Amino acid sequence: MYQLPAWEALESGKKRIVAAWHRGSGKDLLFLNYIMYAIHKKPGVYLHCFPSYSQGKRNIWKSTHQTHKDESISYLDHFPSQLIKSKNGTDMSIEFWNGSIYRVMGLDGKNAAAARGMNPQFIILVGALEERKQQIPFLSMFAGVAKQCPDAVVLLVGEGENEAN
């Protein structure tokens, strides 16, 4: 239950968390579920950011994971359909009936500009420990976006060259 302290830290009001857990440890899933919880507690914009648009699409928007019962489930299926007002596959966003928005995005190229001015409540930033030279522009852009975020920023890093791919 190594994930419980991270959840409890967010619940206690911590604003910045780094989860440097091994690949396949459930980093994205844990914080995706926290976002689902937070969206209804405090309506706003919730971002799930990757170094590139294609990584976000592949790793969350069109991806599945195995449950503890060894069943396959889409990451997006964690959001109950009754609470969803609309889904936009092009923007990789979900709008909820309470006005909240969850968006998966890459902070590369023109996508980076889209993050500015969104004033998110919560950001999940996914990156890797490897390829640091490629991460510098990503982290620079992220720093600007994170300044706008009043509630929490979670940095997810893992081991292995394919972690952010």
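## Basis of the model

The structure is a predicted model, in which local features require pLDDT of at least 70 and side-chain atom pairs count only at pLDDT 80 or more, whereas totals for chains, interfaces and linings use all residues. Residues are numbered from 1 along each chain as its sequence is written, and side-chain values use heavy atoms, with hydrogens and water left out.

## Overall fold

The chain contains five helices and nine strands. Helices (H or I, at least four residues) and strands (E, at least two) are DSSP runs, numbered from the N terminus. Along the sequence, these elements follow the pattern α-β-α-β-α-β-β-β-β-β-α-β-α-β.

Of the 165 residues in the chain, 47% are buried; here buried means under 20% relative accessible area, exposed over 50%, and partly exposed in between (1.4 Å probe, protein chains only). The chain exposes about 8,600 Å², of which carbon and sulfur atoms supply 53%. Accessible areas come from the Shrake-Rupley method with a 1.4 Å probe, and for residues only the protein chains shown count as cover. Among contacts (heavy atoms within 4.5 Å) between residues at least 6 apart in sequence, 67% join residues at least 24 apart.

Helix α2 has 15 residues and reaches 21 Å from its first C-alpha to its last, close to the 21 Å expected at 1.5 Å a residue. The expected span is 1.5 Å times one less than the number of residues in the helix. Buried residues of α2 include L30, F31, L32, I35, M36 and I39.

Strand β2 (residues 45-50) is mostly covered, with six of its six residues buried. In a regular strand the side chains alternate between the two faces of the sheet. In β2 both faces are covered: V45, L47 and C49 are buried on one side, and Y46, H48 and F50 on the other. Strand β2 pairs with strand β7 (residues 101-106) in the parallel sense over six bridges; two strands pair if DSSP finds at least two bridges between them. Within this pairing, F50 stands opposite G106 in β7.

## Salt bridges

Side chains of opposite charge can pair when their charged atoms come close. The structure holds two salt bridges, each defined as a side-chain nitrogen of Lys or Arg within 4 Å of a carboxyl oxygen of Asp or Glu.

E11 is partly exposed at 34% relative accessible area, whereas K41 counts as exposed at 53%.

The other joins K85 to E95, with the closest N and O atoms 3.8 Å apart. K85 belongs to strand β5 (residues 84-88) and E95 to strand β6 (residues 93-96), 10 residues apart. Both residues are partly exposed, K85 at 44% relative accessibility and E95 at 28%.

## Aromatic pairs

The model contains seven aromatic pairs. Rings of Phe, Tyr and Trp (its six-membered ring) pair if their centres lie within 6.5 Å; planes under 30 degrees apart count as stacked, over 60 as edge-to-face and the rest as tilted. W7 and Y37 form a tilted pair, 5.7 Å centre to centre with 40° between the planes. Because W7 lies in helix α1 and Y37 in helix α2, the pair ties together parts that are 30 residues apart in sequence.

W7 is partly exposed at 24% relative accessibility, and Y37 is partly exposed at 34%. Ring pairs link W7, Y34, Y37, Y46 and F122 into a cluster.

## Positive phi values

Most residues other than glycine have a negative phi, and most peptide bonds are trans. D70 has a positive phi near 60° and is placed in the loop between β3 (64-66) and β4 (72-74). M92 has a positive phi near 50° and is found in the loop between β5 and β6. D70 is exposed, with a relative accessible area of 61%, whereas M92 is buried, with a relative accessible area of 0%.
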